[in-house]
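Open the model in your viewer and keep the sequence panel beside it. This tour goes stop by stop: select, look, move on.

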Amino acid sequence: MLLAGKTVIVSGVGAGLGHRIAATVVRDGGNAVLGARTAANLVKSAAEIDPEGLHTAHVPTDITDEAQCEALAALAVERFGRIDAVVHVAAWDSYFGGIEDADLDTWKSVIDVNLLGTLRMTRACLPALKERGGSVVVIGTQSAVAAPSQVRQAAYAASKGALTSAMYSMAWEFGPDRIRVNTVLPGWMWGPPVQAYVQFTAHTEGVPEAEVLERLSGRMALPELATDGDVAEAAVFLASDRARAITGQSLLVNAGELMR
C-alpha cells in the first residue's frame, strides 16, 4: 500500500486522468481530495472511487482563483488532518494552433491555468506539506520537449514547458522542508481525449479507428499506447515515500516513443 495513511490532493478530476489518479490513490491506501471546476464531475468520480465516502472529499475548485485553491487545501486538512502530496492534473489543453495564427490573449489564459494555476495550488498546500514533508507531482506533457507533428498545441506545450522549468526552482526552494517536486510527461495516452481524437480522425478520413490507432502505436518502442492508468501509476509512485530521494526529475510515460 504505497499511500497508506496519506492524503493526496488531485486537481482537475474529470472523466479521464484525474479520476484515474484519484482512484489509484484510494486503491493504494490513501485519502484523495478532489478538485475540479465542475461539481457534478466531482460527485460522480468520488461515488465511483469511494462509495462509502470514507477516503474522499471534494469541493469545486478553479485553480485560477487563489481563494478556491486555499479552500481545497483547507478541506484536506479539515477532513483528514494533513496533506502529504498534491498531484496537478488541472489544465487547459483544448486550444489548438501554432504561433503565426496565435490569439495571444488566449495564450495568456492558457498560461494562467497551466502555469500560474499550478503554482497557486502548490502554494496553497505548502503550509501543510511543510509539517512533515511530502510530494508535488506535476502532470506535464511530452509535447513540451518534442512537439508532435500531428497536433499543434503550441500554447499548451509552452505553458507546460515553463512549468517544468519552474519545477527545478521549486525542488530547490522546498527541498529543505523535505518536499519533493517532480513531473510526469505523458505522450499519446489512451484515455478520453485520445479516444476522441482517434474517433474524429477516423470519421474525417473515412478509415477504421484501428488504422488511426496503428499509426500512433507504430511509433512506440512498445507496440501500444500508454494508458491513463499507466500515467496514474507513475504519479502515485512519485507521490509516495518510495520516491523519497527523487526530486527535480521529469519522467516520460510514453511507451518509448521518445527516449532521453
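Start with Glu-224. Glu-224 sits in the loop between helix 7 (209-217) and strand 8 (226-227). Bear in mind as you go that this is a predicted model. Show what surrounds the residue: leaving aside residues up to four places away in sequence, Glu-224 touches Ser-217 and Ala-255. Met-189 and Glu-224 are 35 residues apart along the chain, and their C-alpha atoms are separated by 9.8 Å.

Step across to Ala-255, one of the contacts of Glu-224. Ala-255 belongs to the segment after strand 9 (250-253). Check its backbone: phi is near 60°, a positive value in a residue other than glycine. Is Ala-255 buried or exposed? Ala-255 counts as buried, at 11% relative accessibility.

Next, select Arg-178. Look for Arg-178 in the loop between helix 5 (154-174) and strand 6 (179-186). Arg-178 is not a glycine, yet its phi is positive, at about 60°. With 56% relative accessibility, Arg-178 counts as exposed.

Now go to helix 1 (17-27). How many of its residues are buried? The count is 8 of 11, so helix 1 is mostly covered. Colour the buried ones: Leu-17, Gly-18, His-19, Ile-21, Ala-22, Thr-24, Val-25 and Val-26. Just after helix 1, stop at Gly-29, where phi is positive, about 95°.

Return to Ile-21 and display its contacts. Not counting residues up to four places away in sequence, Ile-21 touches Val-10, Val-87, Val-89, Ile-139, Ala-232, Ala-235 and Val-236. Apart from the core that holds Ile-21 lies another core, of 30 residues. Cys-69, Val-86, Val-138 and Leu-163 are among the residues of that other core.

Helix 8 gives the most, with 7 residues. In soluble globular proteins, nonpolar side chains tend to be buried together.

Turn to a pair of helices. Select helix 3 (residues 66-80) and helix 4 (residues 104-132). Their axes come within 8 Å and cross at roughly 35°. The crossing of helix 3 and helix 4 is right-handed. Show the side chains that make the contact. Helix 3 brings Glu-66, Cys-69, Glu-70, Leu-72, Ala-73 and Val-77. Helix 4 brings Arg-120, Met-121, Arg-123, Ala-124, Cys-125 and Ala-128. The contact divides into 8 nonpolar residues, no polar ones and 4 charged ones.

Finish with the aromatic rings. How many aromatic pairs does a search of the whole structure find? The search finds 1. Select Trp-188 and Tyr-197 to see this pair. The ring centres are 5.1 Å apart, the planes make an angle of 45°, and the pair is tilted. Trp-188 is buried, with a relative accessible area of 12%. Tyr-197 is partly exposed, with a relative accessible area of 23%.

Notes:
Residues numbered from 1 in each chain as written. Predicted model: local features only at pLDDT ≥ 70, side-chain atom pairs only at ≥ 80, totals over all residues. Heavy atoms only, no water. Core = buried A, V, L, I, M, F, W, Y, C linked by side-chain atoms within 4.5 Å. Buried < 20%, exposed > 50% of the residue type's maximum accessible area, 1.4 Å probe, protein only. Helix = DSSP H or I, 4+ residues; strand = E, 2+ residues; numbered from the N terminus. Contact = heavy atoms within 4.5 Å. Phe/Tyr/Trp six-rings, centres within 6.5 Å; stacked < 30°, edge-to-face > 60°. Axes fitted to C-alpha atoms, helices over the stretch in contact; angles between N-to-C directions. Left-handed = near helix turned anticlockwise from the far one by under 90°. Nonpolar A, V, L, I, M, F, W, Y, C, P; charged D, E, K, R; others polar.
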